[in-house]
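Work through the exercises below with the sequence and the model side by side. Try each task before reading its solution.

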Amino acid sequence: MEKVVTDAEELPKAIVRRVVKDKLSHCSKGDGDLNVHKDALMAFSESARIFIHYLSATANDICKGSKRQTINGDDVLKALEDIEFPEFVEPLRASLEELRETNAGKKAGTSKAKEVKTKQVKTKEVKKKRKLEEPSRKEEKEDEDNQDEDGGDGTSESSDKA
């Protein structure tokens, strides 16, 4: 009985190829560019998919045992130990820490950028508000001219004489 894997369960072939070739290039120094047969890439992909399913099911059991609904990084680390892959724990822990630091830096940069943008928007709004509240110089000049022509207050005396 053969199980059919859906597209949603498959790992991206380009990423699997890149990971395999990268690892093989580190393992076989000086052998030049190694080629990996299509069947071998499919085997790597399927193996990785099965490993991820097994690891996630174990992490899920650990999470439920702690009466939580969200799997966290520590659950995955504990699951690696439970399925007898303790040699992966330290490299994964280091990668998680590096990722957290990178994300913290990005969040800090994003927060600063948002803060600067907010200040810029507020400054523009204040300038617009001031523009609307203050009469323009042209209007002030016209008001001054009207006051000089009419005797000071800008109202016409001709309507009172009639």
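Buried means under 20% relative accessible area, exposed means over 50%, and partly exposed lies in between (1.4 Å probe, protein chains only). The model is predicted, so local features need pLDDT of at least 70 and side-chain atom pairs count only at pLDDT 80 or more, while totals for chains, interfaces and linings use all residues. Residues are numbered from 1 along each chain as its sequence is written, and side-chain values use heavy atoms, with hydrogens and water left out.

**Exercise 1. Salt bridges**

Task: Find the salt bridge partner of Asp 75, and decide whether Asp 75 is buried or exposed.

Solution: 
- Start with the rule: a side-chain nitrogen of Lys or Arg must lie within 4 Å of a carboxyl oxygen of Asp or Glu.
- The structure holds four salt bridges.
- Asp 75 meets Arg 68 in one of them, at 2.7 Å from N to O.
- Now check accessibility. Asp 75 is buried because its value is 3%.
- Arg 68 has a relative accessible area of 29%, so it is partly exposed.

**Exercise 2. Bridges along a helix**

Task: Determine how many residues separate Lys 78 from Asp 82, and Glu 90 from Arg 93.

Solution: 
- Helices here are DSSP runs (H or I, at least four residues), and strands are too (E, at least two); both are numbered from the N terminus.
- Lys 78 and Asp 82 form a salt bridge at 2.9 Å, N to O.
- Both sit in helix 3, four residues apart, so about one helical turn separates them.
- Lys 78 is partly exposed at 39%. Asp 82 is partly exposed at 39%.
- Glu 90 bridges to Arg 93, with the closest N and O atoms 2.8 Å apart.
- This pair lies in helix 4, three residues apart, about one turn of the helix.

**Exercise 3. Aromatic rings**

Task: Which residues form one aromatic cluster with Phe 85?

Solution: 
- Rings of Phe, Tyr and Trp (its six-membered ring) pair if their centres lie within 6.5 Å; planes under 30 degrees apart are stacked, over 60 edge-to-face, and the rest tilted.
- The structure holds three aromatic pairs.
- Phe 51 and Phe 85 are edge-to-face: 5.2 Å between centres, 85 degrees between planes.
- This pair links distant parts of the chain, 34 residues apart. Phe 51 is in helix 2 (residues 38–65), and Phe 85 is in the loop between helix 3 (73–82) and helix 4 (89–133).
- Phe 85 and Phe 88 have centres 5.3 Å apart and planes at 20 degrees, so they are stacked.
- The cluster is therefore Phe 51, Phe 85 and Phe 88.
- Phe 88 is partly exposed, at 36%.

**Exercise 4. The largest nonpolar core**

Solution: 
- A nonpolar core is a set of buried Ala, Val, Leu, Ile, Met, Phe, Trp, Tyr and Cys residues joined through side-chain atoms within 4.5 Å.
- The largest has eight residues: Leu 55, Ala 59, Ile 62, Leu 77, Ala 79, Leu 80, Ile 83 and Val 89.
- Next, take Leu 80. Contact means heavy atoms within 4.5 Å.
- Beyond its neighbours within four places in sequence, Leu 80 contacts several residues, including Phe 51, Leu 55, Phe 88 and Leu 92.

**Exercise 5. Positive phi**

Task: Where does Lys 67 lie, and is Lys 67 buried or exposed?

Solution: 
- Most residues other than glycine have a negative phi.
- Lys 67 has a positive phi of about 60 degrees.
- Lys 67 lies in the loop between helix 2 and helix 3. Lys 67 is exposed, at 78%.
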